[in-house]
Amino acid sequence: MFIWKRILLVLLTSFVRQFCETHFAGLTHVVRKTIFIGVYRRMNKEDIRLVHDISTEDYNALRDSVDFILLKEERAKRALENSLYKVFLEYEGKKIGMARVVGDGGYVYFICDVIVHPDYQSQGLGRMIIENVLEWLRSQLEEEGDTIMVNLMSAYGKEEFYGKLGFSRRPFGNHGAGMSQWLKLD
Ligand SMILES: CC(C)(COP(=O)(O)OP(=O)(O)OC[C@H]1O[C@@H](n2cnc3c(N)ncnc32)[C@H](O)[C@@H]1OP(=O)(O)O)[C@@H](O)C(=O)NCCC(=O)NCCS
């Protein structure tokens with residue numbers, strides 16, 4: 001009897017969590033921020049270093065921490081090498097956050113791989129990363145009136161995070177929805 005109660009409880013908890021993540025992503029975030037992170041995982045932000053290099057192993061470890069697909073060594077290496085800009089947060093010798101910019105280096109820029117390790121989320125690090133990336137992007141503008149287009153594909157439920165950092169949620173005006181497709185050789 002006891003074991004069934006436990007199984008039922010685990011299933012119920014997991015269902016409620018999944019339901020909240022899907023339907024109240026913003027709310028879940030706020031609850032996490034105020035209750036969990038706020039109490040247990042305070043960190044000293046002065047000890048964070050912004051660096052621009054990472055090994056493919058650490059890159060994949062960061063991806064893994066937020067359930068992004070893992071990249072084959074050679075593909076990860078090429079992705080990092082061909083990025084226009086990349087920034088990583090290092091704390092206590094560990095990479096705990098990152099973002100990359102890819103693009104044509106002229107007009108179109110795309111921000112990707114925005115990651116903060118789950119142990120360090122909800123403490124302003126995502127904002128720190130995007131602000132650093134935007135600063136680099138602004139440094140690409142050469143004269144008054146110069147314009148570049150900065151794109152990204154928000155993960156589900158993270159739109160508000162990017163909204164706070166100046167991004168508009170598509171579709172709006174005559175801008176359609178962002179679209180994507182994954183190609184895989186089977
Ligand atoms: C998205 C992500 C990078 C945000 O990083 P973070 O360090 O937790 O975010 P921050 O603490 O810097 O949040 C900055 C602001 O956005 C808000 N915010 C962050 N995530 C949010 C969410 N899911 N919903 C609503 N608001 C959110 C914060 O409350 C904060 O607001 P404030 O400045 O008014 O206090 C992080 O959650 C993450 O790595 N997620 C998993 C990977 C992922 O989905 N990446 C995005 C790929 S497109």
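A residue counts as near a molecule if its C-beta atom, placed from the backbone, lies within 6 Å of it. Keep that cut-off in mind for the first stop. One caution as well: this is a predicted model.

**Stop 1: the ligand**

The shell holds 22 residues.

Now colour by element. Those that give two or more residues to this shell are helix H2 (25-40), strand S4 (108-116), helix H5 (125-138) and helix H6 (159-163). Which element gives the most? Select H2: with four residues, H2 gives the most to the shell around the ligand.

Next, colour the shell by class. Eight of its residues are nonpolar, nine are polar and five are charged.

**Stop 2: the sheet**

Five of them form an open sheet, in the order S1-S2-S3-S4-S5, with mixed pairing. Find the edges: strand S1 (49-51) and strand S5 (149-151) each pair on one side only. Look along the sheet for its twist, which averages 20° from one strand to the next.

**Stop 3: S3 and S4**

Select strand S3, residues 94-103, together with S4. The two pair in the antiparallel sense, over six bridges. Methionine 98 has isoleucine 115 in S4 as its bridge partner. Glycine 103 has tyrosine 109 in S4.

Then follow the chain from S3 to S4. The two strands form a hairpin, with four residues between them. Stop in the turn at glycine 105, where phi is positive, at about 75°.

**Stop 4**

For one example, select phenylalanine 110 and its bridge partner in S5, asparagine 151.

S4, H5 and S5 make a right-handed β-α-β unit.

**Stop 5: two packed helices**

Finish with helix H3, residues 56-65, and helix H4, residues 73-81. Their axes lie 10 Å apart, and the helices pack at an angle of about 95°. Angles of 65 to 115 degrees count as roughly perpendicular, so H3 is roughly perpendicular to H4.

Show the side chains where they meet. From H3, select Thr56, Tyr59 and Asn60. From H4, select Glu73, Ala76, Lys77 and Leu80. By class, this contact has three nonpolar, two polar and two charged residues.

Key: Residues are numbered from 1 along each chain as its sequence is written. This is a predicted model: local features need pLDDT of at least 70, side-chain atom pairs count only at pLDDT 80 or more; totals for chains, interfaces and linings use all residues. Ala, Val, Leu, Ile, Met, Phe, Trp, Tyr, Cys and Pro count as nonpolar, Asp, Glu, Lys and Arg as charged, and the others, Gly among them, as polar. Two strands pair if DSSP finds at least two bridges between them. Axes are lines fitted to C-alpha atoms, for helices over the stretch in contact, and angles run from 0 to 180 degrees between N-to-C directions. A crossover is right-handed if, with the strands pointing away from the viewer, the path from the first strand over the helix to the second runs clockwise. Angles under 35 degrees count as roughly parallel, over 145 as roughly antiparallel, 65 to 115 as roughly perpendicular and the rest as oblique. Two residues are in contact if their C-beta atoms, placed from the backbone, lie within 7 Å.
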